[in-house]
Amino acid sequence: MSVYKFMIDVQYKSNLRDPRGETIKRVLKEEHGVPVKELRIGKSIYVEVEAASSDEAKELVKKMCEDLLVNPVVETYEVRSL
Amino acid sequence: MSVYKFMIDVQYKSNLRDPRGETIKRVLKEEHGVPVKELRIGKSIYVEVEAASSDEAKELVKKMCEDLLVNPVVETYEVRSL
Amino acid sequence: MKAAVVVYPGSNCDRDTYHALKLTGFDVDYAYFFDQDLSFEGYDLVVLPGGFSYGDYLRPGAVAARENISRKVKEFAENGGLLLGICNGFQVLMEMGLLPGALLQNEKGKFICRWVDLVVEDNTTPFTLAFKKGEKIRLPIAHGFGRYVKVGEPRVVFRYRENVNGSDEKIAGVASESGNILGLMPHPERASEEILGGEDGRKVFLSIAEYLESRGAEK
Amino acid sequence: MRYYKELLKRLGREPTPVEKEAFAVMWSEHCGYSHTKKYIEKLPKVGLGGNAGVVALDEDTSIVFKIESHNHPSAIEPYNGAATGVGGIIRDVLAMGARPTAILDSLHFHRVIDGIIEGIADYGNSIGVPTVGGELRISERYRYNPLVNVMAVGTAKNEMIVPSKASRAGQVIVVFGGATGRDGIHGASFASEDLTGEKATKLAIQVGDPFAEKLLIEAFLEMVREGLVEGAQDLGAGGILSATSELASKSGLGVQVHLERVHLREPDMQPWEILLSESQERMAVVTSKENAKKILEIAKKYMLYGDVVAELIDEKVFRAFYKDELVMEVPIDILTTPPYEEPLNYVPGEMPDFNELDFSYTDATQVYEQYDHMVGTDTVIPPGFGSAVMRVKTGKFYALSIHSRADLTLQDPYWGTYITVVESVRKILAAGGQPLGITDCINYGDPDVAPAGLAAIMYALKDSAEHFELPVVSGNASLYNTYAAKPIPPTMVIGMVGRVEKVVKPKKGKVYLAGWHGFDLKREELLHKAIMKARESGAFVLTPSNFKALVTYEKSFARYGMKLKVKEIEGEPVHQMVLVFGKDNLGIPMQEIGVLR
């Protein structure tokens with residue numbers, strides 16, 4: 001068994017509004033003069049799991065996302081091994 | 001000019017407690033039986049900027065992080081081009 | 001005694017703070033974010049009120065702290081003016097770098113609105129002259145991001161008497177080294193009339209009045 | 001679409017695709033009230049017609065209040081469903097020219113759904129309106145259909161009250177607020193769907209932007225103060241279509257809408273999507289051509305988008321253009337007078353002996369602690385003590401209550417509703433108030449399958465309102481709350497407002513149980529007199545419906561350093577007993593049962 005590290009990026013589904021991201025984009029553009037085209041704010045979850053193999057570890061992380069970490073009605077997620 | 005895409009991972013500095021992460025780690029371990037060793041919650045900011053080159057774009061994103069998107073007192077960040 | 005209450009987009013407690021200052025005899029004006037030619041010239045006190053400036057989007061106080069009105073607030077404080085940040089106002093002062101540390105999400109991840117017990121650690125600031133050192137008081141809190149994280153050794157002015165939100169050393173309010181800037185999470189303006197449940201908050205405004213009158217006498 | 005044949009008859013032709021979408025929304029239950037319209041017309045009413053009802057607090061201040069439901073969206077996505085529910089009802093009250101001063105919520109779950117609580121908390125706290133009261137009922141019967149009813153209250157100087165209609169041709173309608181996107185298209189008709197239908201899975205989820213709502217509140221109130229607003233309606237279900245058509249048709253006028261002037265968040269939207277979009281945080285303001293510019297300046301000052309989107313005309317027609325392309329044209333009255341269902345007659349029987357059902361009362365302090373109930377520094381009696389009491393800084397006070405008895409209406413819709421109104425009156429009297437008016441929210445299953453229950457509820461509302469001489473000033477109906485054709489218990493939520501002369505705070509001392517077991521309507525007047533007598537003598541009074549569920553009162557007293565110790569009380573589901581703190585001779589049966597230390 002060894003420890004595997006992942007980063008999970010959780011974002012609002014693209015067809016749903018992200019008022020937070022919209023507001024920050026607008027402030028950056030209009031008040032800080034930055035040519036930002038799109039900005040969306042999501043969650044990034046750093047996680048370490050113990051598993052026999054990296055595949056098994058990845059499966060565990062996927063299960064964690066489905067069970068608890070991600071709301072499938074409004075969020076999508078990506079798992080990246082570090 | 002073209003549009004460049006980045007993901008900014010913002011995490012609290014490691015010496016800082018993350019009670020929310022601790023609570024979720026405990027729930028995953030005790031109620032979902034997942035062998036999670038470490039779990040920390042941060043922000044992932046997806047951004048698209050218009051620039052003449054990818055280097056210039058990356059500079060712009062760095063500046064945005066320093067100016068607003070990251071609180072240097074308690075947060076660190078990494079920029080990943082997509 | 002002239003006070004200005006800054007109104008950022010999303011500030012909520014500006015009218016409550018105006019009311020409490022008036023009760024204590026201040027001459028009060030609003031300083032709106034859309035006032036272009038705004039100046040704090042001639043004011044004794046500037047207050048950053050509670051609320052959700054910019055909806056608390058990204059980080060509480062992050063955007064407001066970088067508005068040009070905040071530059072004028074910083075100048076006012078650096079010239080020795082009295083600057084009070086309440087709840088969201090305290091978060092803005094941190095993001096402006098005028099007070100040390102950071103304010104993060106409450107330990108249990110939930111918004112908390114209730115009266116809490118505090119102790120006055122430092123009654124030598126212009127905002128706490130009317131309290132006794134170590135005085136036990138009760139003030140209401142209403143925040144979701146009130147967990148104070150210490151960076152260096154801040155000048156602690158108020159401390160919760162039991163763990164409310166996971167703050168380091170139960171810190172509830174800190175002052176700048178020189179003492180002319182105070183930030184605190186509890187709401188003194190919500191504890192300025194007995195009918196609302198308590199008057200301990202009034203002493204913060206009375207302290208400021210007392211300080212200004214004594215300083216006025218010296219000038 | 002339900003009334004398709006009726007539409008063909010009235011239009012005299014096939015509707016175009018856009019018209020089909022438009023009528024599906026305007027004639028949905030959510031917008032059209034087809035099943036309740038004819039009952040509502042029989043209710044005692046007062047004051048200005050319009051989105052939310054108005055009553056007079058005193059000679060120069062009015063109180064505006066209304067309840068709305070957001071049940072279907074909260075079932076699909078709890079956080080955003082509940083949050084946008086708060087936003088919608090706040091804008092309804094704001095549109096009358098009133099500053100929103102309080103929120104109350106009535107929640108029915110099978111377990112506490114954190115997402116819904118956080119949605120209400122985040123939205124209400126962020127816009128700076130205190131959530132000062134509510135009720136939380138737990139029953140397995142609401143597993144698939146949680147009920148989220150939110151009541152908003154506002155105050156306004158009488159001369160600031162804004163009519164929710166246009167008044168003459170030549171006026172224009174400015175739509176301002178957040179940007180417009182494809183949110184919740186068909187939100188209205190989707191709200192009238194059985195939740196197992198494929199419609200439920202179609203993403204009609206709306207995301208709330210409380211920051212924009214706060215800017216909208218301050219901007220609109222400045223427009224009203226500057227005397228620029230001649231009429232207003234919030235953009236809710238049906239978006240620009242329903243707001244502009246209703247504002248016009250209420251004054252017998254027509255309207256021409258120019259969809260290309262709407263500020264879009266998604267540039268590739270089709271004209272019909274712009275017309276029907278239910279993007280949140282937007283308001284329609286009726287004004288003169290000359291004042292439109294000033295209104296847009298104020299909107300811009302508050303970082304909001306806006307433009308003149310429509311003009312009122314004499315010709316009674318609804319016309320929507322996109323640039324110079326005609327998108328839709330129909331006689332306006334067909335749009336705004338949907339068909340209605342014939343009301344039934346209902347003759348109530350004797351009140352039955354109610355059984356005790358397993359509706360559990362939980363500790364609501366865990367919930368209301370997440371709401372800021374103090375912002376505005378006008379909350380004088382906080383949540384947890386029956387009715388909330390608020391002050392107006394001019395020195396006046398008013399009491400607010402929100403209450404329902406689904407455990408009774410499930411057994412007898414008529415008497416269950418009647419008792420809910422009776423108990424609401426007691427709650428207001430106990431807070432030292434004189435009731436001024438009622439707002440109601442009906443949460444019901446399928447009215448086509450069980451029409452009699454709906455009739456019973458509406459007749460009970462009418463009879464009880466007349467019994468206490470109270471106007472029903474506003475209301476809402478959420479129907480089709482079913483899952484796999486199984487309905488929820490009929491749940492009638494009653495909101496009530498009262499004028500309070502003297503505020504009394506709980507004082508330590510003896511606690512008495514006053515009144516009678518069982519229920520006899522003829523005795524109710526005696527109980528009310530006793531409550532008022534206790535209040536005049538400075539005694540605090542509580543009117544619990546269920547004496548086995550005092551946990552919220554106990555935990556609330558504890559927060560203020562007081563310990564409530566009372567004996568076990570055997571109370572029937574319906575009774576006429578109240579708790580009196582510190583006064584014993586009220587001329588009705590009384591016994592000492594405990595103490596507040």
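How many salt bridges does the rule find across the interface of chain A and chain B? There are 4 salt bridges across that interface, a salt bridge being a side-chain nitrogen of Lys or Arg within 4 Å of a carboxyl oxygen of Asp or Glu. This is a predicted model, in which local features need pLDDT of at least 70 and side-chain atom pairs count only at pLDDT 80 or more, while totals for chains, interfaces and linings use all residues. Residues are numbered from 1 along each chain as its sequence is written, chains are lettered from A and ligands numbered from 1 in the order in which they are written, and side-chain values use heavy atoms, with hydrogens and water left out.

**Chain A and chain B**

- The contact joins 31 residues of chain A to 31 residues of chain B, where contact means heavy atoms within 4.5 Å.
- About 2700 Å² is buried between chain A and chain B, and carbon and sulfur atoms give 67% of it; buried area is the accessible area (1.4 Å probe) that two parts lose on being put together, summed over both.
- One salt bridge links the side chains of B:Glu50 and A:Lys37, at 3.9 Å from N to O.
- The interface of chain A and chain B also has 16 residue pairs in polar contact, both residues being at pLDDT 80 or more. A polar contact is a pair of N or O atoms within 3.5 Å; within protein, one must be able to donate a hydrogen and the other to accept it, and residues adjacent in sequence count only if both atoms are side-chain atoms.
- On the side of chain A that touches chain B, two or more residues come from each of strand 1 (2-12), helix 1 (19-32), strand 2 (36-51) and helix 2 (54-69) of chain A. Helices (H or I, at least four residues) and strands (E, at least two) are DSSP runs, numbered from the N terminus.
- Strand 2 of chain A gives the most to this side, with 15 residues.

**Chain C and chain D**

- Chain C brings 29 residues to the contact and chain D brings 33 residues.
- Together chain C and chain D bury about 2700 Å², with 60% of it on carbon and sulfur atoms.
- C:Phe111, C:Cys113 and C:Ile195 supply 21% of the area that chain C buries against chain D, more than any other three residues.
- The rule finds 4 salt bridges across this interface; in one of them, D:Asp372 pairs with C:Arg190, with the closest N and O atoms 2.8 Å apart.
- Between chain C and chain D, 13 residue pairs are in polar contact, both residues at pLDDT 80 or more.

**Cavities**

- The structure holds 4 cavities of 30 Å³ or more. On a 1 Å grid over the protein atoms alone, a cavity is a set of points where a 1.4 Å probe fits but cannot get out, and lining residues have an atom within 4 Å of a point. Grid points are joined across faces, edges and corners, and a volume is the space filled by probe spheres set on the points.
- The largest cavity has a volume of about 560 Å³, and among its 35 lining residues the closest to its centre are D:Gly134, D:Glu135, D:Arg137, D:Ala364 and D:Thr552.
- Strand 4 of chain D gives the largest share of that lining, 7 residues.
- The second largest cavity holds about 100 Å³ of space, and its largest lining share, 3 residues, comes from strand 23 of chain D.

Note on methods: On a 1 Å grid over the protein atoms alone, a cavity is a set of points where a 1.4 Å probe fits but cannot get out, and a pocket is an open set with protein on both sides within 12 Å along at least five of seven lines; lining residues have an atom within 4 Å of a point.
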